[in-house]
Amino acid sequence: MAAKYIYRMDDITPTMNWKRFWQYINLFKKYNVKPLLGVVPDNRDPKLMLEESSPDFWEILRKLQLEGSVEICQHGFQHRYVTSEGGILGPKFGFKAQSEFAGLSYDEQYNKLKAGKDILEGQGIYTDIWMAPSHSFDANTLKALSNLGFKAVTDGIALYPYKHNNMVFVPQQFWEPQRVFAGVVTICLHTDTVRESLYEKIEAHLKSGAQFISFSDAAKYSQTVLGLLINKIFCCFFLLRLKFNENEIIKKLKRAIKRIIGKQ
Ligand SMILES: [Zn+2]
């Protein structure tokens with residue numbers, strides 16, 4: 001079973017780099033691939049304020065969603081980091097210890113998440129998919145999301161979607177195309193800041209014959225025992241790759257084999 005790929009575009013705000021946004025939206029349209037857009041309901045992060053605020057922002061999103069070119073998820077609330085918590089994923093997976101949610105009380109988190117959801121719905125955008133700023137969330141975030149009717153999260157280091165605290169996690173493992181033998185792979189793009197040459201690499205991926213699916217289709221995967229086992233193995237490999245580069249892993253393996261052979 002070949003790998004299936006999802007593209008997601010983070011940090012979608014009225015003040016984003018619009019040229020890049022359209023460049024990638026048009027690229028995905030050309031190849032009939034439906035990306036997941038992470039929309040910040042009320043952006044207050046100065047790093048995401050690159051251009052004058054577009055008055056057409058919500059209209060454009062509604063149109064793209066209606067024509068079926070994209071899926072939309074709620075990306076936090078204001079994209080403002082107020083704690084130095086890494087949450088459930090955090091620094092052990094290479095993510096920064098900073099959060100808009102993790103470490104806050106349940107009520108604080110619920111109120112922020114609801115305020116974000118209300119803004120989106122006030123603009124006619126309904127979604128039950130959530131994307132955490134800086135990959136940071138804790139058990140209270142998941143409880144609040146579930147109580148607000150969210151069903152799925154785009155995050156997690158695994159190879160197949162899995163259930164955790166009442167939510168479906170569709171894992172997000174890479175930030176540019178990577179060949180993977182199987183599983184569901186989400187590639188995360190920060191179109192505001194991606195390097196110019198990534199565009200060609202992504203176009204090559206889109207026309208490579210690889211299989212692409214929407215986030216919603218991936219979230220329908222049912223969890224199996226084999227999938228969970230593969231997820232554990234993938235997670236260990238991801239952690240090893242973070243700690244050592246691939247050459248170091250190979251060197252360590254060679255040394256271990258030599259030691260074993262030497263003992264015989
Ligand atoms: Zn973000």
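Residues are classed here as buried under 20% relative accessible area, as exposed over 50% and as partly exposed in between, with a 1.4 Å probe and protein chains only. The model is predicted, so that local features need pLDDT of at least 70 and side-chain atom pairs count only at pLDDT 80 or more, whereas totals for chains, interfaces and linings use all residues. Residues are numbered from 1 along each chain as its sequence is written, and side-chain values use heavy atoms, with hydrogens and water left out.

The zinc ion is coordinated by Asp 11 through OD and by His 75 and His 79 through NE2, at 2.0 to 2.1 Å. Donors are taken as N, O and S atoms within 2.8 Å of the metal (3.2 Å for Na, K and Ca), and because water is not among the atoms, sites may look incomplete. Along the chain, the donors of the zinc ion follow the spacing D-x63-H-x3-H. Asp 11 lies in strand β1 (residues 4-12) and His 79 in the loop between β3 (71-75) and α3 (106-122), so the pair ties together parts that are 68 residues apart in sequence. Helices (H or I, at least four residues) and strands (E, at least two) are DSSP runs, numbered from the N terminus. With a relative accessible area of 9%, Asp 11 is buried, and His 79, at 5% relative accessibility, likewise counts as buried. Asp 11 has a positive phi of about 60 degrees although it is not a glycine, and for His 79, also not a glycine, a positive phi of about 60 degrees is found.

The helix packing was described with axes that are lines fitted to C-alpha atoms, for helices over the stretch in contact, and with angles that run from 0 to 180 degrees between N-to-C directions. Helix α1 (residues 18-30) packs with helix α5 (residues 198-206) at an angle of about 15 degrees, their axes being 10 Å apart. The two helices α1 and α5 are therefore roughly parallel to each other, where angles under 35 degrees count as roughly parallel, over 145 as roughly antiparallel, 65 to 115 as roughly perpendicular and the rest as oblique. The contact (heavy atoms within 4.5 Å) is made by Gln 23, Tyr 24, Leu 27, Phe 28 and Lys 30 of α1 and by Leu 198, Tyr 199, Ile 202, Glu 203 and Leu 206 of α5. These residues divide into seven nonpolar, one polar and two charged, with Ala, Val, Leu, Ile, Met, Phe, Trp, Tyr, Cys and Pro counted as nonpolar, Asp, Glu, Lys and Arg as charged, and the others, Gly among them, as polar.

Helix α1 also packs with helix α2 (residues 57-66), at an angle of about 5 degrees and with the axes 14 Å apart, which makes α1 roughly parallel to α2. Here Trp 18, Phe 21, Trp 22, Ile 25 and Lys 29 of α1 meet Phe 57, Ile 60 and Leu 64 of α2, a contact with seven nonpolar, no polar and one charged residues.

The axes of α3 and helix α4 (residues 139-147) come within 9 Å and cross at roughly 45 degrees, and α3 and α4 are therefore oblique to each other. In this pair, Tyr 106, Gln 109, Tyr 110 and Leu 113 in α3 meet Asn 140, Thr 141, Lys 143, Ala 144, Leu 145 and Asn 147 in α4.
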